[in-house]
Amino acid sequence: MTGPARGQVHVRPRLRAVGALLLPDWLAITIGSHVWAWRPLNDRELRHELAHVSQWRSHGAGLLLLYLVAALRTWRAGGDWYRDNPFERAALAAERSDGAG
Ligand SMILES: [Zn+2]
């Protein structure tokens with residue numbers, strides 16, 4: 001499984017307020033191969049979410065637990081549970097990987 005991850009993007013403006021309860025400046029969340037966003041994503045943002053699709057493909061539903069454990073460890077180590085989370089850092093790297101953006 002080395003091909004690029006494929007995801008289905010769902011844009012739902014009403015999700016913005018819901019997600020903001022957890023993360024004020026959130027844009028999208030990926031569950032399995034489905035990307036939920038409150039507005040259309042640009043190429044760079046899409047690369048980020050497709051990296052999460054790959055993570056789901058690798059870990060299955062276990063990703064939820066792995067992500068939460070990583071978030072907790074990051075927070076306990078004094079980092080930001082979101083930005084310093086290894087799963088987010090990998091997605092950020094993917095986001096920046098294509099020179100076109
Ligand atoms: Zn992310």
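**Exercise 1. Find which residues of strand β3 lie on its covered face and which on its uncovered face.**

Solution. On the covered face of β3 you will find Val 35 and Ala 37. His 34 and Trp 36 make up the uncovered face. Strands here are DSSP runs of E with at least two residues, and helices are runs of H or I with at least four, numbered from the N terminus.

Two notes before going on. Residues are numbered from 1 along each chain as its sequence is written. The model is predicted, so local features need pLDDT of at least 70 and side-chain atom pairs count only at pLDDT 80 or more, while totals for chains, interfaces and linings use all residues.

**Exercise 2. Work out how β3 pairs with β1 and with β2.**

Solution. Two strands pair if DSSP finds at least two bridges between them. Start with β1 (residues 8-11): four bridges join this strand to β3, and the two run parallel. Here Val 9 stands opposite Val 35. Next, β2 pairs with β3 over four bridges in the antiparallel sense. In this pairing Thr 30 is opposite Val 35. Finally, look at the hairpin of β2 and β3: two residues lie between the strands, and Gly 32 has a positive phi near 65°.

**Exercise 3. Check the length of helix α2 (residues 43-59).**

Solution. The expected span is 1.5 Å times one less than the number of residues. For the 17 residues of α2 that gives 24 Å, and the end C-alpha atoms are 24 Å apart, so the two agree. After the helix comes Gly 60, with a positive phi near 65°.

**Exercise 4. Decide whether Arg 44 is buried, partly exposed or exposed.**

Solution. First locate Arg 44: this residue is in helix α2. A residue is buried if 20 or more other C-beta atoms, placed from the backbone, lie within 10 Å of its own, exposed if 12 or fewer, and partly exposed in between. Arg 44 has 14 other C-beta atoms within 10 Å, so this residue is partly exposed.

**Exercise 5. Describe how α2 packs against α3.**

Solution. Axes are lines fitted to C-alpha atoms, for helices over the stretch in contact, and angles run from 0 to 180 degrees between N-to-C directions. The angle between α2 and α3 is about 115°, and their axes are 8 Å apart. That makes the two helices roughly perpendicular, a term for angles of 65 to 115 degrees. Gln 55, Trp 56 and His 59 of α2 meet Gly 62, Leu 63 and Leu 66 of α3, where contact means C-beta atoms, placed from the backbone, within 7 Å.

Key. Angles under 35 degrees count as roughly parallel, over 145 as roughly antiparallel, 65 to 115 as roughly perpendicular and the rest as oblique. Two residues are in contact if their C-beta atoms, placed from the backbone, lie within 7 Å.
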